[in-house]
2 protein chains.
Amino acid sequence: MTTPAQGLHSHVLATLGLAITAGEYPPGTVLRTDELAQRFDVSRTVVREVVRVLESMHLVESRRRVGVTVLPTASWNVYDPQVIRWRLAGADRPRQLRSLTVLRSAVEPVAAGLAAENATPEQCRELTEHALGMVATSRGRRLEEYLVHDIAFHRVVLNASGNEMFARLGDVVAEVLTGRTHHHVMFEDPDPAAVTLHVQVAEAVRERDAARAEELTRQIAVGALQELDVLAP
Amino acid sequence: MTTPAQGLHSHVLATLGLAITAGEYPPGTVLRTDELAQRFDVSRTVVREVVRVLESMHLVESRRRVGVTVLPTASWNVYDPQVIRWRLAGADRPRQLRSLTVLRSAVEPVAAGLAAENATPEQCRELTEHALGMVATSRGRRLEEYLVHDIAFHRVVLNASGNEMFARLGDVVAEVLTGRTHHHVMFEDPDPAAVTLHVQVAEAVRERDAARAEELTRQIAVGALQELDVLAP
DNA sequence: GGGAATTAAAAGTACTACTTTTACGTCACA
DNA sequence: TGTGACGTAAAAGTAGTACTTTTAATTCCC
């Protein structure tokens with residue numbers, strides 16, 4: 001139904017995970033493993049493995065004599081890329097997009113500052129390359145190409161920061177940018193001001209100007225937030 | 001050996017997860033499920049469930065005809081609280097503590113700013129209470145009590161920010177503070193300057209002064225980073 | 001009416017048999 | 001000698017069954 005998937009496990013996991021994160025089962029809902037096995041037409045073995053994974057994401061809790069209980073949103077591992085993807089695919093994408101964008105606005109400026117201090121020449125080169133790529137594709141309905149450069153740019157910044165936790169947010173940023181592009185304004189061209197800012201960040205990093213890189217990235221973030229305010233409830 | 005644990009699954013998971021995050025199995029190491037079953041003296045069923053969870057954390061990858069391969073650090077879900085706990089318990093605690101503290105320094109100031117805008121009266125009260133608690137326990141070898149207030153304080157700030165992603169970092173902050181306290185300087189009293197700053201943050205939030213709350217929290221973060229620089233390689 | 005004993009429901013565990021994928025080695029052919 | 005088709009076996013994946021353990025809920029006794 002949702003994903004063909006190779007392997008029963010993946011299929012059941014994707015379906016259940018999506019359903020839970022979409023709020024189809026309100027917190028407190030109790031599922032039984034045999035029931036699930038029957039519903040998905042797989043063995044209890046498969047269901048149990050899926051439940052264990054869901055449990056490790058704190059989406060559900062499994063207790064003897066009770067069953068598998070759906071947990072409230074507050075306990076979910078919302079940093080799990082899988083969970084993020086499910087939620088962005090589901091109903092509360094707007095809320096999720098906003099939370100993540102605020103997170104970005106906190107993290108990316110600091111990451112850019114560190115990148116200015118730690119970026120390798122190679123990373124500087126990549127940064128410039130992608131910034132120019134953004135310029136080149138910022139007009140004429142080339143949003144898909146633009147998106148690729150945008151994602152790559154931010155990923156390089158996060159990696160260049162030298163901080164592992166920042167680096168691992170690359171996937172999150174990618175999901176946010178992709179979701180944003182594929183959701184609203186696919187037809188319009190990106191904000192020219194933002195494009196310029198990216199070029200300037202690349203410059204600042206190349207010139208090892210941490211304060212400037214941080215400030216410019218902060219401006220990008222503010223812009224993204226404002227854009228979201230305009231286009232979302 | 002590590003945890004008695006209730007349930008074979010938890011035990012095997014804890015042992016294996018800890019071993020992998022500790023680097024006992026270099027990336028590329030291949031484990032076989034039957035072998036693991038034998039080693040832990042449990043059924044393959046249990047091992048498979050554990051592997052599935054480990055796989056969802058991107059610590060390992062399971063492929064047919066090959067086995068269970070340990071993945072490089074770069075692909076681990078480093079935001080998974082479980083993974084964080086394992087890593088903090090292991091060998092590279094210093095590195096980990098630094099990464100997490102940098103993350104905090106990026107996130108918490110922004111969270112504090114938002115908290116000043118969104119905190120409920122109840123949350124303001126709690127904030128003040130814990131800040132005063134920190135003051136009260138900041139002298140006379142009462143580090144354990146101090147820690148409780150410190151953790152609670154930061155948790156309230158993160159929750160009060162109203163941002164879900166920030167809120168979920170409460171556990172991470174708790175782990176960092178706990179690790180920090182239980183590692184170095186158990187015997188010394190906390191930095192008085194930091195204590196004062198916490199009181200002031202509570203004040204700023206209560207007075208809805210977002211800019212001040214943000215700035216003060218930034219100072220706390222800077223202090224924490226400096227402290228780490230002094231006490232760690 | 002409250003607390004102890006009983007029951008049964010559901011997850012947890014084990015084991016066994018079978019299927020599916022796929023790395024690797026073999027062999028034929030160019 | 002190199003290259004591609006092919007076969008084989010190793011390991012994970014799946015299924016099903018039987019049994020154990022925990023524990024919520026009911027019953028029953030005082």
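A residue is near a strand or molecule if one of its heavy atoms lies within 4 Å of it.

## The model

This is a predicted model, in which local features need pLDDT of at least 70, side-chain atom pairs count only at pLDDT 80 or more, and totals for chains, interfaces and linings use all residues. Residues are numbered from 1 along each chain as its sequence is written, chains are lettered from A and ligands numbered from 1 in the order in which they are written, and side-chain values use heavy atoms, with hydrogens and water left out.

## Where chain B meets chain A

Contact means heavy atoms within 4.5 Å. By that rule, chain B brings 32 residues and chain A brings 32 residues. About 3000 Å² is buried between the two chains, and carbon and sulfur atoms give 59% of that. Buried area is the accessible area (1.4 Å probe) that two parts lose on being put together, summed over both. Three residues stand out: B:Y79, B:M165 and B:R168 supply 25% of the area that chain B buries against chain A, more than any other three residues.

Chain B and chain A share 6 salt bridges. A salt bridge puts a side-chain nitrogen of Lys or Arg within 4 Å of a carboxyl oxygen of Asp or Glu. B:E164 forms one with A:R87, and their closest N and O atoms are 3.1 Å apart.

On the side of chain B that touches chain A, α3 (44-56), α4 (81-89), α5 (93-118) and α8 (164-167) of chain B each give two or more residues. α5(B) gives the most, with 9 residues. Helices (H or I, at least four residues) and strands (E, at least two) are DSSP runs, numbered from the N terminus.

## DNA strand D

DNA strand D is surrounded by 23 residues, and the closest are A:L8, A:S43, A:R65, B:T33 and B:R48.

A polar backbone atom of A:L8 is 2.7 Å from a phosphate oxygen of DNA strand D. The side chain of B:R44 has an N or O atom 3.0 Å from a base oxygen of DNA strand D. For B:S62, a side-chain N or O atom is 3.2 Å from a sugar or linking oxygen of DNA strand D. Two or more residues come from each of α1 (8-21) and α3 (44-56) of chain A, and α3 and β2 (60-63) of chain B.

## DNA strand C

DNA strand C also has 23 residues around it; A:T33, A:R48, B:L8, B:R63 and B:R65 come nearest. A phosphate oxygen of DNA strand C is 2.4 Å from an N or O atom in the side chain of A:R48. In the side chain of A:R64, an N or O atom is 3.2 Å from a sugar or linking oxygen of DNA strand C.

## A strand residue in chain A

A:T69 lies in strand β3 (residues 67-70) of chain A. A:T69 counts as buried because its relative accessibility is 14%. Buried means under 20% relative accessible area, exposed over 50%, and partly exposed in between (1.4 Å probe, protein chains only).

Key. A polar contact is a pair of N or O atoms within 3.5 Å; within protein, one must be able to donate a hydrogen and the other to accept it, and residues adjacent in sequence count only if both atoms are side-chain atoms.
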